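Student: Please take one part of this model and look at it closely, then connect it to the rest. Plain terms with their cut-offs will do.

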Amino acid sequence: MPHLFALNDDHRAITDMAQTFAREKIAPHALDWDERKHFPVDVLREAAALGMGGIYTREDIGGSGLSRLDATLIFEALARGCPTVAAYLSIHNMCAWMIDRFGDAAQREKWGPALCSMDRLASYCLTEPAAGSDAAAIKMKARRDGDFYVLDGVKQFISGAGVSDLYVIMARTSDEGARGLTAFVVEKDRLSFGANEKKMGWNAQPTRQVICEDCRIPVANRLGEEGQGFRIAMAGLDGGRLNIAACSLGGAAAALDKAVAYMGERQAFGKKLDTFQALQFRLADMAIDLEASRTFLWRAASALDAKTPDATALCAMAKKFVTDACFSVANDALQLHGGYGYLADYGIEKIVRDLRVHQILEGSNEIMRLIVARHLIESRS
Amino acid sequence: MHFVVCIKQVPDSAQIRVHPVTNTIMRQGVPTIINPYDLFSLEEALRWRDKVGGEVTVLTMGPPMAADSLRKALTIGADRAVLLTDRFFAGSDTLATSFALSAALQKISDTFGKIDIVFCGKQTIDGDTAQVGPGIAKRLNLEQITYVSAVNEVNGDNGTVTLERRSEGGVQVLKTNLPAMITMLEGSNTVRRGRIDDALRAARAQIVTWSAKDAGIEDVTKCGLRGSPTVVKKVFAPTPRAEKAALVELGETPRDSAEALIEAIFAKTPKIEDDLVKLASGF
Ligand SMILES: Cc1cc2nc3c(=O)[nH]c(=O)nc-3n(C[C@H](O)[C@H](O)[C@H](O)COP(=O)(O)OP(=O)(O)OC[C@H]3O[C@@H](n4cnc5c(N)ncnc54)[C@H](O)[C@@H]3O)c2cc1C
Ligand SMILES: Cc1cc2nc3c(=O)[nH]c(=O)nc-3n(C[C@H](O)[C@H](O)[C@H](O)COP(=O)(O)OP(=O)(O)OC[C@H]3O[C@@H](n4cnc5c(N)ncnc54)[C@H](O)[C@@H]3O)c2cc1C
């Protein structure tokens, strides 16, 4: 009987590589990047040089050809260094995969290698000012004009915008709701951008509006067929949700480590914090939540690898469960640090700020429940 | 070209302590690393492999768990790893270590292709003797260059290597014939990181594992404790020096500075002055 939940040598090797990279190249700078709102593109390119620019993209265009499970291990490891940097890398990977999976031979060849090496960075553009959770309500127009499409409209909250070179944009080619959406790959010089949003966390990557004004792009930049945009966008998100959850897991794991270390040093009432049973139990609960999250995430990831019929629902469940549980773990770690947890220097409040948005984006946790409920009801016999 | 890098698994010295009472090194629970000098020689070997073609084999003698270090080296980019492990090797000093490694190197040469360069670290961070590399060179009759800070050229056509060797007061640029054994200094290059595919290749790699017999060693009395005339009598942590450091102001000329320094030394320890005066007066 194989040990079902054990990592094999491959998994350990990949994790080890990503952890070492995070420890040496990301963690030492995470607080500084957050404070200066610095987007470390050079470090992202270094990660890509090791094969992390196209983790589950096929090898013929420079990807690493790994599984979704492998990707969750990598994103957890990277997020131990900084959830925000790991999360941007996750979005980039999602776009690279969409082009690999849905692009034709010419598109894969044209964009694939540069995305895998991160010579060119990518952003995912679905949300609009008036269409977030209800993605089928997207308004951005894509009008066919001979060998071109002309895009008009605004995308909201786009991660990496202004810096990224390629934008995977979902726009409307007909009025038929979700079936009227089409995916496009748009180069930076066709677009304009809003100001970098001031936000609670995720400061090490920019968030901007992406503005299409009479934006002409060749038909060759259309990804898939007209009308497939919603399906392509959602297919990307299945994996994206696993990755975002993995980023929460890494952040929470780092926060728990910090709390365990701190409680061995800090004294109150003449005793070390870690000798109070109430606090020991809190630590135990945090560890339990973390392990339950990890196990669940691996299960959802292997379902997606195996393309099981319930994979989408499992990914949604895991995204909801893991991002909620890990936010509380990080928040508890802050509480266990007392007032020092609230100070920037201890690195805990940053993790809490960063993880908060994982409950909102890539489909809010309410929308995750919606997906799960729909799956339950649809599969009722 | 075939480059072989000798690596030693050592305790991470940053985390090592000497037991305050028994004066023995407390190795328990101390994580192991590849001797840092050996990483620089590995990187140098990989760079030249990438430039001139060929293969890099890494070799270590140690307990079975030294395989971890070999896998790490494979992750960084080595093509093949050989682990020399046998209970006969336990307790080897530098004489016995270089004997065993030389036998393995000979076997590597016979099995996987003639060796052009054997790379060693300048020294290890635990044994610190810097004797193993030269010991190998002598036994295998290889050209020997120690303290190498850079390899400038490896020329397969005329069978030479040109390199920079740090010596007292300067750098020597030397050229010698292959096959050669060189020992590398620290900081001579930037050690690369393994890619995902290297990590996977390393995880899946079969590590060639040889016993003394496999390596063609017939006389095991030359190995391990029996083959080791060196005895470590005592290991101790030196007591910190009690006296404070003193600062001597720089003089106008070097001569002035030197005189000021001598004055200060004589003032502090008059016996030195007395002894020198006696010496000078032919006593
Ligand atoms: C920092 C940041 C980065 C982002 N990056 C990107 C990006 O790169 N690309 C991109 O396309 N988008 C991105 N987003 C957008 C993100 O995906 C959306 O914010 C998210 O989908 C929610 O949409 P909304 O903000 O419009 O909220 P709304 O849809 O207005 O929702 C408001 C609230 O109502 C709830 N709600 C909505 N509908 C229902 C319902 N039917 N049942 C129950 N509850 C419901 C929501 O869960 C939420 O709590 C980013 C957002 C942020 C904050
Ligand atoms: C605490 C302690 C106790 C010891 N006790 C004894 C003892 O009781 N009796 C005794 O005889 N000796 C003893 N030794 C010596 C020990 O056996 C030496 O460490 C060993 O012979 C290698 O020498 P070195 O570490 O000085 O290597 P160095 O000569 O400094 O190493 C130079 C290079 O040689 C290569 N190299 C060295 N060792 C290996 C290896 N195993 N595999 C592959 N390449 C290698 C590496 O490239 C290395 O960079 C002791 C050492 C220590 C630290």
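**A helix pair and its surroundings**

Tutor: In chain B, helix α2 (residues 67-76) packs against helix α5 (residues 196-204) at an angle of about 145°, and their axes are 7 Å apart. The model is predicted, with local features needing pLDDT of at least 70 and side-chain atom pairs pLDDT 80 or more, while totals for chains, interfaces and linings use all residues. Residues are numbered from 1 along each chain as its sequence is written, with chains lettered from A and ligands numbered from 1 in the order written. Helices (DSSP H or I, at least four residues) and strands (E, at least two) are numbered from the N terminus; axes are fitted to C-alpha atoms, for helices over the stretch in contact, and angles between N-to-C directions run from 0 to 180 degrees.

The crossing of α2(B) with α5(B) is right-handed (near helix turned clockwise from the far one by less than a right angle; anticlockwise is left-handed). On the α2(B) side, B:Arg71, B:Leu74 and B:Thr75 make the contact, and they meet B:Asp198, B:Ala199, B:Arg201 and B:Ala202 of α5(B) (contact: C-beta atoms, placed from the backbone, within 7 Å). This contact of α2(B) with α5(B) is made of 3 nonpolar, 1 polar and 3 charged residues (nonpolar: Ala, Val, Leu, Ile, Met, Phe, Trp, Tyr, Cys, Pro; charged: Asp, Glu, Lys, Arg; polar: the others, Gly among them).

Chain B is divided into domain 1 (2-227) and domain 2 (242-283), with bounds from an automatic or database assignment. Between the C-alpha centres of these two domains of chain B there are 45 Å.

Next comes ligand 2. It is surrounded by 34 residues, and the closest are B:Asp93, B:Gly121, B:Gly127, B:Thr129 and B:Val132 (near: C-beta, placed from the backbone, within 6 Å). The elements α1 (36-52), β6 (55-61), α3 (94-112), β8 (117-121) and α4 (132-140) of chain B each give at least two residues to the shell around ligand 2. Sorted by class, the ligand 2 shell holds 13 nonpolar, 16 polar and 5 charged residues.

Helix α5 (residues 83-102) of chain A packs on helix α6 (residues 105-116) of chain A at about 155°, with axes 9 Å apart. Therefore α5(A) is roughly antiparallel to α6(A) (under 35 degrees: roughly parallel; over 145: roughly antiparallel; 65 to 115: roughly perpendicular; the rest: oblique). Here α5(A) passes α6(A) in a left-handed crossing. From α5(A), A:Ala96, A:Ile99 and A:Asp100 meet six-turn partners in α6(A), including A:Gln107, A:Trp111 and A:Leu115. The residues of this contact comprise 5 nonpolar, 2 polar and 2 charged.

The domains of chain A are domain 1 (9-116), domain 2 (122-226) and domain 3 (230-378). The C-alpha centres of domain 2 and domain 3 of chain A are 29 Å apart. Their contact uses 15 residues of domain 2 of chain A and 10 residues of domain 3 of chain A. The domain 2 side has 11 nonpolar, 3 polar and 1 charged residues.

Ligand 1 draws at least three shell residues from each of domain 2 and domain 3 of chain A. Of the 22 residues that surround ligand 1, the closest are A:Gly132, A:Ser133, A:Phe157, A:Ser364 and A:Glu366. Strands β1 (122-125) and β3 (148-159) and helix α11 (365-378) of chain A each supply at least two residues of that shell. By class the ligand 1 shell has 12 nonpolar, 8 polar and 2 charged residues.

Methods. Two residues are in contact if their C-beta atoms, placed from the backbone, lie within 7 Å.
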